[in-house]
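Take a look at it first, then read on.

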Amino acid sequence: LWKKKFFILLVVKTRGCWNVPLPRFKTQSTLFLCSDKEAILDLITSRNNAQRQEVITAYKNSFGKDLIEDLKYELTGKFERLIVSLMRAPAYHDAKEIHDAIKGVGTNEKCLIEVLASRNNKQMHEMVTAYKDAYGSDLEEDVIVDTSGHFKKMLIVLLQGSRDESGVVDASLVEQDALDLFAAGEEQWGTDEAKFIMILGNRSVTHLRMVFDEYQKITELSIEDSIKNELSGDFERLMLAVGKKHSLCYFQGLGTADNTLIRIMISRSEIDMLDIRECFRLRYEKSLYNMIKDDTSGDYKRTLLNLCGGDDDLAGEFFPEAAQIAYKMWELSAMTKVQLRPTVRPAANFDPAADAQALRKAMKGFGTDEDAIIDIVAQRSNAQRQEIRQTFKSLLGRDLMKDLKSELSKNLERLIIGLMLTPAEFDAKMMKKAMEGAGTDEHALIEILVTRSNDEIQAMNAAYQAAYKKTLEEAIQSDTSGLFCRILVSLVQGAREEGPADLERADADAQVKSDDMKVKFMSILCTRSFPHLRKVFQEFVRFSNKDIEQIIKKEMSGDVKNTFYAIVCSVKNQPSYLADRLYKAMKGLGTDDRALIRIMVSRSEIDLFTIRKEFKETHDVSLHEFIQGDTSGDYRKTLLILCGGED
């Protein structure tokens with residue numbers, strides 16, 4: 001029978017839930033012969049890990065066979081890895097993940113970060129013991145050999161499993177730790193990494209949350225933003241994982257590699273998967289269930305969906321604990337002062353006459369010196385470029401823009417010309433390009449109008465009128481229609497309220513009735529200040545127990561949905577919204593060069609460095625790497641200079 005690939009499994013008629021011990025569970029039950037993979041996955045995913053260990057023991061006692069070895073023999077591929085991993089005790093599963101991460105060619109730093117940053121003292125000690133038992137070596141010694149620098153030091157601290165778990169918080173120490181972190185980072189030139197390691201590696205979770213709140217009061221920066229500003233590389237990512245105010249939210253951005261997916265689904269399914277699901281939906285506007293459904297297949301998919309436990313898109317409502325997290329997230333968003341950092345700054349020792357002469361030389365005669373043009377244009381601020389334009393005209397009697405257009409071509413020309421225009425001229429041109437020709441680029445219209453300040457929109461309106469002898473509002477009305485047109489016209493007024501939230505008004509704004517939802521959304525989302533909208537979205541959770549992003553996704557459609565959603569994303573985290581736009585511009589076959597140029601040019605002196613950081617954190621790949629792989633030649637060289645570096 002074994003040669004014919006049959007299985008002896010245990011029959012238990014009671015149906016359990018993946019994260020709850022099965023009632024009336026019996027290890028000695030009726031036996032039957034089965035080769036049905038569905039029966040295997042249904043049985044295993046409806047037991048908790050403690051019950052699976054009892055099954056393994058009973059299987060060995062009854063039949064003298066190792067159940068895990070038999071499962072390996074019968075199953076294949078990702079399905080086998082998932083089922084076998086489910087059958088291991090948590091400590092041995094963690095030990096294997098760490099062992100796989102540090103053995104062989106290369107190191108899987110992401111796995112080390114995820115596991116070691118999220119385990120409590122007891123889990124850490126059990127993992128270290130299991131590692132020694134399974135592999136005959138010391139985990140700490142293996143980590144020391146395979147890692148380096150501050151990253152290694154923090155991993156070793158975490159491996160000790162000595163974090164304070166008493167739950168007792170000393171208020172005076174909270175304030176002192178917050179001040180020490182400030183002194184170790186934002187307050188000084190350079191960073192005292194040892195202080196970050198000592199505090200984040202040893203204090204209790206409760207204590208750290210209070211420290212982070214106090215830190216934000218002192219600096220007006222979240223601890224996450226400070227870590228991003230002060231640290232880098234794998235050490236930065238490790239400290240971000242440890243420093244997350246809500247550790248559940250760390251698991252939403254770990255990527256979609258199958259090993260990572262399996263590890264997280266198994267290790268968290270009996271702990272906090274429901275809340276991870278809600279964090280996932282908050283960030284990606286799609287349920288984890290549907291993401292798994294779309295990205296996996298076969299018995300592997302069925303097993304993952306069983307572990308996931310349900311589709312949050314169907315309900316549209318929060319679980320009680322997740323509602324509290326969502327409410328707190330908007331509260332933190334309202335408190336956090338995001339530090340916007342550019343990648344392009346004014347050049348030192350700037351000489352507009354010398355630059356003008358160098359540009360003329362690069363374009364004079366036979367051939368064009370593109371490198372010289374790129375090195376000047378991409379490494380000057382926009383104000384300096386305007387001086388170069390004026391000096392070029394006064395010294396040489398020539399129009400620099402016309403000369404550049406005649407010497408350059410295709411995407412390089414569009415990028416260089418975009419950099420030489422004033423921000424208002426560039427925005428006006430981008431709006432014109434989005435509306436001219438056979439189709440309309442609605443995403444471009446939305447992105448520009450949602451992310452510009454009142455002053456920027458009003459300057460753009462003036463530039464559009466001067467360049468095209470028509471108001472921008474008239475152009476929008478002739479090119480769009482319906483409620484979408486009304487929303488754009490509202491935004492193009494550049495009359496959004498400014499200032500803090502009005503708490504009483506926020507309560508009223510949050511109570512939206514279904515019969516006038518679209519009109520009410522337009523009147524609020526297009527006119528209220530961003531600080532006020534953050535409070536509205538927070539109160540919306542309290543009144544409705546629903547997610548504003550999910551409501552927009554379910555109740556709206558087309559361009560109206562896209563505009564409202566863009567506003568919400570921009571209110572929550574504008575650099576993250578723009579990072580996502582960049583990702584979509586380069587993802588898959590072909591590149592949306594117009595979108596790529598638009599964002600790289602318009603944000604390079606505002607927040608492109610911050611966008612770059614969000615890009616890396618969200619998509620697990622650097623913007624520099626994406627540009628390098630998706631573009632070529634002088635166009636790529638210019639974009640990479642604007643990008644400002646590799647993360």
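## Ground rules

This is a predicted model: local features need pLDDT of at least 70, side-chain atom pairs count only at pLDDT 80 or more, and totals for chains, interfaces and linings use all residues. Residues are numbered from 1 along each chain as its sequence is written, and side-chain values use heavy atoms, with hydrogens and water left out.

## The whole chain

The protein chain has 39 helices and 2 strands. Both are DSSP runs numbered from the N terminus: helices are H or I with at least four residues, strands are E with at least two. Of the 647 residues, 51% are buried. Here buried means under 20% relative accessible area, exposed means over 50%, and partly exposed is in between (1.4 Å probe, protein chains only).

The accessible surface comes to about 28,900 Å², and 49% of that belongs to carbon and sulfur atoms. These areas come from the Shrake-Rupley method with a 1.4 Å probe, and for residues only the protein chains shown count as cover. Now for contacts, meaning heavy atoms within 4.5 Å. Take those between residues at least 6 apart in sequence: 73% join residues at least 24 apart.

## Helix α9 and its cover

Helix α9 spans residues 149-159, and its buried residues are F151, M154, L155, I156, L158 and L159. What covers them? The cover includes α6 (109-116), α7 (121-135), α8 (139-146), α11 (193-202) and α14 (233-243). Just after α9, G161 takes a positive phi of about 60 degrees.

## Charged pairs

Side chains of opposite charge can pair when their charged atoms come close. The whole structure holds 36 salt bridges, each being a side-chain nitrogen of Lys or Arg within 4 Å of a carboxyl oxygen of Asp or Glu. One of them joins D234 and R237, with the closest N and O atoms 3.2 Å apart. These two sit 3 residues apart in helix α14, so about one helical turn separates them. D234 is partly exposed at 25% relative accessibility, and R237 is partly exposed with a relative accessible area of 25%.

Other pairs reach further along the sequence. D403 and R360 meet in a salt bridge at 4.0 Å, N to O. D403 is in α24 (residues 400-407) and R360 in α21 (residues 352-363), so the pair ties together parts 43 residues apart in sequence. Both D403 and R360 are buried. K637 and D375 also form a salt bridge (3.8 Å, N to O). With K637 in α39 (residues 633-643) and D375 in α22 (residues 370-377), this pair ties together parts 262 residues apart. K637 is partly exposed at 28%, and D375 is partly exposed at 33%. There's a network of salt bridges as well, linking D507, K535, E539 and R542.

## Two helices meeting

Which residues of α27 meet α30? E442, L445, I446, L449 and V450 of α27 meet F484, L488, L491 and V492 of α30. By class, that contact has 8 nonpolar, no polar and 1 charged residues. Nonpolar covers Ala, Val, Leu, Ile, Met, Phe, Trp, Tyr, Cys and Pro; charged covers Asp, Glu, Lys and Arg; the others, Gly among them, are polar.

## A loop residue

D607 is in the loop between α36 (593-603) and α37 (608-619). Is D607 buried or exposed? D607 is buried, with a relative accessible area of 1%. Leaving aside neighbours within four places in sequence, D607 is in contact with L340, R341, P342, P575 and L578.
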